[in-house]
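Student: I would like a close look at one part of this model, the pocket.

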Amino acid sequence: MPELKRLHVGHAPAVLAFELANRGYFAASISDRGDDYFAQFTDRYNALLAEQEAGICAFYVLVAEDSSVLGRFNLVDIEDHTAELGYRVAQHVAGRGVATATVREVCQLAAARHGLRTVRAAAARQNVASHKVLTKAGFVPVGAADPAHLGGKPGTWYQRDLVPQPDSATLPGS
């Protein structure tokens, strides 16, 4: 059973393998990371961990039973109880509800673990799969996204307002 885990240093080889194996698949719907990303992967990865440690971002990986990465789910620019969600899943699990279920789980973590009240996500117009994932995960369209934010492609901003889940110890009658 796949498990959502907070990104840590030990995930680096599996994350790199995931990015390399799915590079062409990702480039079909979102901007390619470019050769520099892979050439400087270790430095960039360490920078992500530092941002996470500073509380600016929260990075998660969906890990399969064999320790391979099935997806990446990122909460970036955490500020004023709001963050932006970015995600990508491996081609071999796409279309199976993996992204939708994990985006829902990340939203629960965003409220419970990170104190977020709002999560936003942008999807390029031609990325129909992301529009479906976001809608099924409870996001609603809130306006046009600047093409500069989506690699030069027009798109839509989505938003999901989060409701903090009360601790069962504080429920009436407990």
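Which helices and strands each supply at least two residues of the lining of the largest pocket?

Tutor: This is a predicted model, in which local features need pLDDT of at least 70 and side-chain atom pairs count only at pLDDT 80 or more, while totals for chains, interfaces and linings use all residues. Residues are numbered from 1 along each chain as its sequence is written, and side-chain values use heavy atoms, without hydrogens and water.

At least two lining residues each come from helix 2 (23-27), helix 4 (41-53), strand 3 (69-79), strand 4, helix 5 (98-112), strand 5 and helix 6 (128-136). Strand 4 gives the largest share, six residues. The largest pocket holds about 1400 Å³ of space. Its lining has 46 residues, and those closest to the centre are Ile-30, Arg-33, Gly-86, Tyr-87 and Arg-88.

Arg-88 belongs to strand 4 (residues 82-89). Arg-88 is buried because its relative accessible area is 12%, the cut-off being under 20%. Its side chain makes a polar contact of 2.8 Å with that of Glu-19 (N or O atoms within 3.5 Å). Leaving aside residues up to four places away in sequence, Arg-88 touches Phe-18, Glu-19, Phe-26, Ile-30, Arg-33, Leu-70, Gly-71 and Arg-72 (heavy atoms within 4.5 Å).

Strand 5 (residues 118-124) contains Thr-118, which is buried at 15% relative accessibility. The side chains of Thr-118 and Asp-161 form a polar contact of 3.4 Å. Beyond four places in sequence, the residues that Thr-118 touches include His-81, Thr-82 and Ala-83.

How values were computed
Helices (H or I, at least four residues) and strands (E, at least two) are DSSP runs, numbered from the N terminus. Buried means under 20% relative accessible area, exposed over 50%, partly exposed in between (1.4 Å probe, protein chains only). A polar contact is a pair of N or O atoms within 3.5 Å; within protein, one must be able to donate a hydrogen and the other to accept it, and residues adjacent in sequence count only if both atoms are side-chain atoms. On a 1 Å grid over the protein atoms alone, a cavity is a set of points where a 1.4 Å probe fits but cannot get out, and a pocket is an open set with protein on both sides within 12 Å along at least five of seven lines; lining residues have an atom within 4 Å of a point. Grid points are joined across faces, edges and corners, and a volume is the space filled by probe spheres set on the points.
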